[in-house]
Amino acid sequence: MNPAYLPVALDARDERVFNAVRELLAQQGMQMSMDAIAQRAGCSKQTLYSRYGNKQALLRRVMQRHVGHATGAMLRALRGDDLRGSLLQFATDFLEHFNQPHLGQACRLIAADAAQFPEEARTLYRHGAGALTLHLAEWIETVCSRGLLRHDDPHFMAELLLSMIAGQDFDKQRFHTPHRDDAALRRRWAEFSVDGFLRAFAPQPSPAPSSNQPRSSS
């Protein structure tokens, strides 16, 4: 994992500021202002600018830490020797994490504000979903080199796997349509998507050795 995404200890002020940003993203999306962050965190706006730069830089810091925490457990699941078991745990953790109500609300507000705040939206994607895809692609490349999956473009494979795991569930939630709203349903979908991915990229069987021995004539 990129060292920038490894969680590091925060002092109390950073913790308050980062929590304020996460809460405001779920309530206001990218409409949140540095004034609102300062008020929620109990510090001055000048402190925010001197400590973090601008709002975009602060969002980047918050997202890097979020990725470190949120994807840490998912990526740790991929360290096991059991390929299917590791992918299944990763998929389950992914679905459980992104089914948290406050995350769904934040994603809806961010999507609604993306056209008005394109730079901030790109920052959130690059250090959120984009970073997770890159980490997963690195792992897939390693697995392919060990012969456990058919070798193909690891970045395409990572994007495809994440799309299969996510399915249409998040869109269903967004449009207030019945979705997989309990752990058993999410587990069943995780198994279906992982097994489909493993079938699609199963390693090619080794060709049978050819016999070059001449036939004996009788």
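Colleague: Is aspartate 14 buried or exposed?
Modeller: In this predicted model, aspartate 14 counts as buried, because its relative accessibility is 8%, and the cut-off for buried is under 20%.

Colleague: And which side chain does aspartate 14 meet in a salt bridge?
Modeller: Arginine 51, at 2.9 Å, N to O. Arginine 51 is partly exposed, at 31% relative accessibility.

Colleague: Where do aspartate 14 and arginine 51 sit in the chain?
Modeller: In distant parts: aspartate 14 is in helix α1 (residues 12–28) and arginine 51 is in helix α3 (residues 45–52), 37 residues apart. Asp11 joins them as well, in a network of salt bridges with Asp14 and Arg51.

Colleague: How many salt bridges does the count come to?
Modeller: Eleven. One of them pairs aspartate 171 with arginine 174 at 3.0 Å, N to O. Both of these residues lie in helix α11 (residues 169–174), three residues apart, or about one turn of the helix. Aspartate 171 is partly exposed at 38%, and so is arginine 174 at 39%.

Colleague: Switching topic, which residues have the most contacts inside the largest nonpolar core?
Modeller: Leu87, Phe90, Leu136 and Leu149, in a core of 29 residues. Elements giving two or more residues to this core include α6 (83–98), α9 (129–145) and α12 (183–200).

Colleague: What is leucine 87 in contact with, leaving aside neighbours within four places in sequence?
Modeller: Leu78, Trp139, Leu161, Val194, Phe197 and Leu198. Apart from that core lies another one, of 25 residues, with Leu25, Met30, Met32 and Leu124 among them.

Methods. Residues numbered from 1 in each chain as written. Predicted model: local features only at pLDDT ≥ 70, side-chain atom pairs only at ≥ 80, totals over all residues. Heavy atoms only, no water. Core = buried A, V, L, I, M, F, W, Y, C linked by side-chain atoms within 4.5 Å. Buried < 20%, exposed > 50% of the residue type's maximum accessible area, 1.4 Å probe, protein only. Helix = DSSP H or I, 4+ residues; strand = E, 2+ residues; numbered from the N terminus. Contact = heavy atoms within 4.5 Å. Salt bridge = Lys/Arg side-chain N within 4 Å of Asp/Glu carboxyl O.
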